[in-house]
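Please read these notes with the model open beside you.

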Amino acid sequence: MKKTFISTLICITGICCSCSGALSKGEVDLDYDKEKGEEEEKKPEKEEEKDPYVLTLNHPCAYVNAENIARVKAAVAGASATDPVYASWQSFCKSPYAAASYTASPVPTVVRGDATGTGTTENYIVCDRDAAAAFQLALRYRISEDRSYADAAVRILNAWAKTCKKITANDNNQYLLVGFQGYTFANAAELLRDYDGWAAADQNSFKTWLNDLWYAKSYWFISTHGGSGTCNLHYWSNWELANLCCQLAIGIYLDDAAKIKYVYNEFTKGAGSGAINNMIPYPPVADPDGKSHLIAQNMESGRDQGHATLVISLCAELCQMAENVGLGFWGMQDNKVLAMAEYTAKFNVKPDGRYLAMKEMPFTTYKYCTDCACSNHSHGATHTTISIDSRGKERACWDLIYAHYVKVKKLPENYAYYSKMFAEQLRYNKGVLTGDGGAGDDRYGSTSAAYDQLGWGTMLFYQGN
């Protein structure tokens, strides 16, 4: 399904809502109830005019497009035991979240963060699991064409849209949920948008739910950078990247050009930590070991590697969605995103179970919230070297990165030297093909961190070494 938008006025701080007027009224819950002490989430009133542009959407075109699906179908038909895509498909089919018998557990109010005063305990893990199941079931349907998986995914989406009215907490950790799971729900819906077993009335209700609850909260977080009392870079890159993923995926699913353009502006020249020049604060440098072309630290490199690698995973999935709608995030500023990926891969990869023998990692001192507009500076930190905390963290993003830059854009192999090495590490264990594509299993963790990215990079993006 192709849709082309021609826009002569893009309202950045007054985003147009295709499903309801909730955003213009500052509402964020379907049954809105402003709690005592909770800052009202609303849009700034001022509008900014942007240049005309043309945008073409060839659905599905969020994280997964028709070309990805066709490639997996061909691999499944070939059924070669030596094919990493087929091996990953076999692993995917064993995922409990891709089983047609999966049953959703929606709740009226989702809490992630300090639950004090919310009327319920922290319960967001049920949302994490159900969103993951909706996406994996929708994906399994598109590959297998077995309607039982689509029906199961539709049941999950309908149940959540009908039941869930509020996302809350007494701190801003709720916006991590909004980013990660809003992004996941929207990607599931995008894969099912033309499924004739999803009643039009139910799909319209789901669109309204995504727009009025998830998008509204995500937009508030990005547009205010977390609200009053915080500077523009108070929240780390992974927070804003997750919410930009949420907004872009919802914009694609809703055919909303203004939402998509808003993400483009935030990523390319925004003031927040999800903007490319704040996420990657310093120019790329030469690889001291001469293996890769250029490498670049990210905002969280001196924090810990669990978060530094999450930045890579989220940024890669954001770039892929942008690519699918014609926005070239991947190649901006001479492939700056690739340099960031190479830096992080180099420090974390263990191709033979051991970290690489390397020269000292280059690092430019990064000052986090030490001299800024935050009302409380007790959280500030100065990073003088790359952090070894959580070193070796694996994320299901490396086949996507390698495939895009080397197989799609035809860059020289050495430009993605360490990314390729990490992709191979995830595909093989001591030379044996594992089929690991990001199932959210023990390799990626059994807590909420397992649901911070969509994954399945080998299955969806591998195109050979």
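1. Aromatic pairs. The structure holds 28 aromatic pairs. Rings of Phe, Tyr and Trp (its six-membered ring) pair if their centres lie within 6.5 Å; planes under 30 degrees apart count as stacked, over 60 as edge-to-face and the rest as tilted. Take Y63 and F461: their ring centres are 5.3 Å apart and their planes stand at 70°, so this pair is edge-to-face. Y63 lies in the loop between β2 (53-58) and α1 (66-78), and F461 in helix α14 (residues 457-461), so the pair ties together parts 398 residues apart in sequence. Helices (H or I, at least four residues) and strands (E, at least two) are DSSP runs, numbered from the N terminus.

2. Basis of the model. This is a predicted model: local features need pLDDT of at least 70, side-chain atom pairs count only at pLDDT 80 or more, and totals for chains, interfaces and linings use all residues. Residues are numbered from 1 along each chain as its sequence is written, and side-chain values use heavy atoms, with hydrogens and water left out.

3. Burial of that pair. Are Y63 and F461 buried or exposed? Y63 is buried, at 0% relative accessible area. F461 is buried too, at 3%. Buried means under 20% relative accessible area, exposed over 50%, partly exposed in between (1.4 Å probe, protein chains only).

4. A second pair. The rings of F185 and W214 have centres 5.7 Å apart and planes at 65°, so they are edge-to-face. F185 is in helix α5 (residues 174-192) and W214 in helix α6 (residues 200-224), 29 residues apart; the pair links distant parts of the chain. F185 is buried at 0% relative accessibility. W214 is also buried, at 0%. Both belong to a cluster: ring pairs link W160, F185, W198, F206, W209, W214 and Y253.

5. Charges over rings. Which ring lies under the charged end of K207? That of Y253, with the charged end 5.7 Å from the ring centre. K259 lies over the face of Y215, at 4.4 Å from the ring centre. A charge sits over a ring if NZ of Lys or CZ of Arg is within 6 Å of the ring centre and within 35 degrees of the ring normal.

6. Helix α10. This helix (residues 305-324) has 20 residues. From first C-alpha to last, α10 reaches 29 Å, close to the 28 Å expected at 1.5 Å a residue; the expected span is 1.5 Å times one less than the number of residues. At its start, a side-chain oxygen of D304 reaches to within 3.0 Å of the backbone nitrogen of G306. G326 follows α10 and has a positive phi, near 90°.

7. K409. This lysine lies in the loop between α12 (398-408) and α13 (417-427). K409 is partly exposed, at 45% relative accessible area. Not counting residues up to four places away in sequence, K409 touches E323 and H404; contact means heavy atoms within 4.5 Å.

8. Whole chain. The protein chain has 14 helices and 10 strands. Buried residues make up 58% of its 465 residues. Among contacts between residues at least 6 apart in sequence, 77% join residues at least 24 apart.

Technical notes:
Polar contact = N/O pair within 3.5 Å; in protein donor to acceptor, adjacent residues only side chain to side chain.
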